[in-house]
Amino acid sequence: MSDRLSSIITRSGDEGSTGLGDGSRVSKNADRIHALGDVDELNTIIGLLRCETLPQAVDAFLAEVQHDLFDLGSELAVPGYQALQAAQLGMLEQQAAVWNEALTPLKEFILPGGCRAAAVAHQARAVCRRAERSVVALGLFEPMPPLPRQYLNRLSDVLFILSRHLNVAAGVPDVLWQPRRVPAAQ
C-alpha cells in the first residue's frame, strides 16, 4: 500500500478523468464516480460521528461499518469486483434488531435532532440514502450486484435507529414532527 500511495499529487486527473482500480479511466462526472464519492462522503460523516462521545459498542459497530463502506467503495472502484459479503448485511440487521428492541414504538415522525450525536447520525442517514440512489442509478447502466444496494438500504435504516438509540443514551427525547403548526404571533 505504501508504494501505491507514495505520491498523492499525480496530475493525472487534471483533464477531468480519474483512474479506476482496473486501470481504466472514466470522467469524474461518471455515475460510478458519483456513487463512489457518495459512499466516501458517508464514510467521512460516520468518521465525524465517531468523534462524538459514544457508547463503546456503538463506536465499535461504526468502525465495522467504515470498513464495510471501504469494501463497498472497492467494488465501485473496480468494475466486476465483489468485496461485500452477506455476513456484513446480516451484521446490520442484527444490530438494528438489538437497538430497535429497546426503543419505544414510534407514533409520530421525528425530525433530525435531539443530541448532537443523534443529529450527526441523521445526517449520515440522509447521505446514505443519496449513496443508495447513486448505486441504483449506476445499476441502470452497468451491471451491479444487489449487495451494495441492499447494504446501503439497510444501513440507512440502522442509522435512523441509531439516532434514536443515541438520544435515549443521552437522556434526550426525539424531536417529534408537529404537522399543521400555526406560526407564533409576533
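Author: Contact here means heavy atoms within 4.5 Å of each other. The model above is predicted, so local features need pLDDT of at least 70 and side-chain atom pairs count only at pLDDT 80 or more, while totals for chains, interfaces and linings use all residues. Residues are numbered from 1 along each chain as its sequence is written, and side-chain values use heavy atoms, with hydrogens and water left out.

Reader: Leaving aside neighbours within four places in sequence, which residues is Asp-174 in contact with?

Author: Asp-174 sits in the loop between α5 and β4 (175-176); helices (H or I, at least four residues) and strands (E, at least two) are DSSP runs, numbered from the N terminus. Once neighbours within four places in sequence are set aside, the contacts of Asp-174 are Ile-110, Arg-164 and Asn-167.

Reader: What length is the polar contact between the side chains of Asp-174 and Arg-164?

Author: A polar contact is a pair of N or O atoms within 3.5 Å, where one must be able to donate a hydrogen and the other to accept it; residues adjacent in sequence count only if both atoms are side-chain atoms. The side chain of Asp-174 has one with Asn-167, at 3.0 Å. With the side chain of Arg-164, the Asp-174 side chain makes a polar contact of 2.8 Å.

Reader: How many salt bridges does the count come to?

Author: The rule asks for a side-chain nitrogen of Lys or Arg within 4 Å of a carboxyl oxygen of Asp or Glu. One that qualifies is Asp-59 with Arg-50, at 2.8 Å from N to O. The count of salt bridges comes to ten.

Reader: Where do Asp-38 and Arg-130 lie in the chain?

Author: Their side chains form a salt bridge of 2.9 Å, N to O. The two residues are 92 apart and link distant parts of the chain: Asp-38 lies in helix α1 (residues 31-49), and Arg-130 in helix α4 (residues 116-141).

Reader: Is Asp-38 buried or exposed?

Author: With a 1.4 Å probe and protein chains only, buried means under 20% relative accessible area, exposed means over 50%, and partly exposed is in between. Asp-38 has a relative accessible area of 10%, so Asp-38 is buried.

Reader: What is the relative accessible area of Glu-15?

Author: Glu-15 and Arg-25 meet in a salt bridge between their side chains, at 3.9 Å from N to O. Glu-15 is in the segment before β1 (17-19) and Arg-25 in strand β2 (residues 25-27), ten residues apart. Arg-25 is partly exposed at 41%, whereas Glu-15 counts as exposed, with a value of 56%.
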